[in-house]
Amino acid sequence: MSKKVRVTETVLRDAHQSLLATRMTIDDMLPILGKLNEVGFNSIECWGGATFDACLRFLNEDPWERLRTLRREMPDTRLQMLFRGQNMLGYRHYADDVLEEFVQKSVENGIDVIRIFDALNDIRNLQTAINAAKKASRDGKKPEVQVAMSFTTGEVFTTEYYVEYAKRIAKAGADSICIKDMAALLTPYKTAELVKAIKDAVDLPVNLHTHYTSGLASMCLIKGVEAGADIIDTSMSPLALGTSHAPTESMVAAFQGTEYDTGLDLVLLNEIRGYFMELRKKYIESGLIDQKMLAADAGALIYQVPGGMLSNLLSQLKQAGKEDLLNDVLAEVPRVRADAGFPPLVTPSSQIVGTQAVFNVLTGERYKTVTKEFKGIVRGEYGQTPVPIDPEFRKKIIGDAEPIDCRPADLLEPELEKLRKECAEWAESEEDVLSYAQFGQVAVKFFEKRRDAKFGLDGKHGDAANGVHPV
């Protein structure tokens, strides 16, 4: 029986987020969108993640307008976004009313697949987002709700752990499950074992997402598909490999003529490749792509920490003139992680655990200095850790502060109406309110630039206090 594998293309989001800090502009995308629309991908991931922040902060783009443009130019292709559960696309937990409005507006403006994840794999931080996505619709059509499990390694992260989490995801109402290996820690045979176990446990499509950082992504995808994975994430080859993903064309070719044949046209893909090769050349020449990011690095598999975390630890030690202590810090990381309830080493917990490990080594006394963020994760501000934290250790770290054992967002009052009032001066739409909700003054600066351009004002030399605006 034929088992056609579906392909989700990441070149418009995660690929450039991984290689060039999310700096691909809509102008760079526009000329190729028509061709991408012809391919017949399962979906194109093009929004969410860091794209929203980058649009407002660095590219002077309205992320909502970008989404509407992508929807208009690719009418036959499902558009996908990455959504960090109760964190949405920002850096704190948001009240449920803001989250629900954001999900509905995302769907209204063009999103068809919402991939939702939580850094701690705390299903409580996902339930409101799942429910909101199940209610949302555009022209009577509902989005696919895909819930991702943050894959990591460590003594508690067994195949059984992920199978149990998959069961909770299915019970929560997901339409599909994603194994999300952001740090490239999967190996081919572990992938096969994990996919088979999840497919045996739940009756949902499984999407496999891994990065090429350690050089194993293509092998992981092949073994995953053979074990039953239904969908794979890949990127057009000019923006693949390194910290990005396996090349789309190569994976399509690998399955061609087999029972897993994707049915995608390699000739068309090769034509699209030519366009992205020109972009790649431009990005390298401008310095947006550091060619070191394109090389495989198996260090993550040796140290069992993500590559980005490793470079961050080394950077912190270099600043202190103590880079010779790297091995001591790498030995301290698993101990700190165990103390903190074994959080997956993904953003933001990887930074929190790593920085605390550095302090423990540099001061010569464990937890003599404790960061605000480490106190937060131990207190429960980010959610429930995979393993309960020892009460005595928690008391030592947070002192008399009240532990948070409920879903953190349960402590938040509705805030949408308050946010509407705060940004009334700049907001031209409900979407603007949601941009402001997540990025505050960054959004305000964008709104001011937009207003200046609209009315021909010279905002740089204006005197807002006295109402003087040069034109």
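The legends below describe close-up views of a predicted model.

Local features are given where pLDDT is at least 70 and side-chain atom pairs where pLDDT is 80 or more, while totals for chains, interfaces and linings use all residues. Residues are numbered from 1 along each chain as its sequence is written, and side-chain values use heavy atoms, with hydrogens and water left out.

**View 1. Packing of helix 8 on helix 9.**
Helix 8 (residues 188-201) packs against helix 9 (residues 217-226) at an angle of about 30°, and their axes are 8 Å apart. Helices (H or I, at least four residues) and strands (E, at least two) are DSSP runs, numbered from the N terminus. Axes are lines fitted to C-alpha atoms, for helices over the stretch in contact, and angles run from 0 to 180 degrees between N-to-C directions. Helix 8 is therefore roughly parallel to helix 9; angles under 35 degrees count as roughly parallel, over 145 as roughly antiparallel, 65 to 115 as roughly perpendicular and the rest as oblique. The crossing of helix 8 and helix 9 is right-handed. A crossing is right-handed if the near helix is turned clockwise from the far one by less than a right angle, and left-handed if anticlockwise. Helix 8 contributes P188, Y189, T191, A192 and V195 to the contact, and helix 9 contributes M219, C220, K223 and G224; contact means heavy atoms within 4.5 Å. By class, the residues of this contact are six nonpolar, two polar and one charged. Here Ala, Val, Leu, Ile, Met, Phe, Trp, Tyr, Cys and Pro count as nonpolar, Asp, Glu, Lys and Arg as charged, and the others, Gly among them, as polar.

**View 2. The buried face of helix 9.**
The buried residues of helix 9 are A217, S218, C220, L221, G224 and V225. Buried means under 20% relative accessible area, exposed over 50%, and partly exposed in between (1.4 Å probe, protein chains only). Seen down the axis of helix 9, these buried residues fall within an arc of 160°, so they line one face of the helix; the arc is that of the directions from the helix axis to the C-beta atoms. Their cover includes helix 8, strand 7 (206-210), strand 8 (231-234) and helix 10 (248-255). Just after helix 9, G228 has a positive phi of about 125°.

**View 3. Packing of helix 14 on helix 15.**
The axes of helix 14 (residues 326-339) and helix 15 come within 8 Å and cross at roughly 120°. This angle makes helix 14 oblique to helix 15. The crossing of the two is right-handed. On the helix 14 side the contact involves D328, V329, E332, V333, V336 and R337, which meet V353, Q356, A357, V358, N360 and V361 of helix 15. Seven nonpolar, two polar and three charged residues make up this contact.

**View 4. T363 in helix 15.**
T363 lies in helix 15, which spans residues 349-363. T363 is partly exposed, with a relative accessible area of 28%. Leaving aside residues up to four places away in sequence, T363 touches K368 and T369. T363 and S286 are 77 residues apart along the chain, and their C-alpha atoms are separated by 41 Å.

**View 5. Packing of helix 16 on helix 17.**
Helix 16 (residues 372-379) and helix 17 (residues 391-398) pack at about 145°, with 9 Å between their axes. Their crossing is left-handed. F374, K375, V378 and R379 of helix 16 are in contact with F393, R394, I397 and I398 of helix 17. This contact has five nonpolar, no polar and three charged residues.

**View 6. R450 in helix 19.**
R450 is part of helix 19 (residues 430-455). With 18% relative accessibility, R450 counts as buried. Not counting residues up to four places away in sequence, R450 touches D62, W426, E428 and D432.

**View 7. Two loop residues with positive phi.**
N121 lies in the loop between strand 4 (113-116) and helix 6 (124-135). Its phi is near 55°, a positive value in a residue other than glycine. N121 is buried, at a relative accessible area of 4%. L241 lies in the loop between strand 8 and helix 10. The phi of L241 is near 65°, again positive in a residue other than glycine. L241 counts as partly exposed, at 34% relative accessibility.
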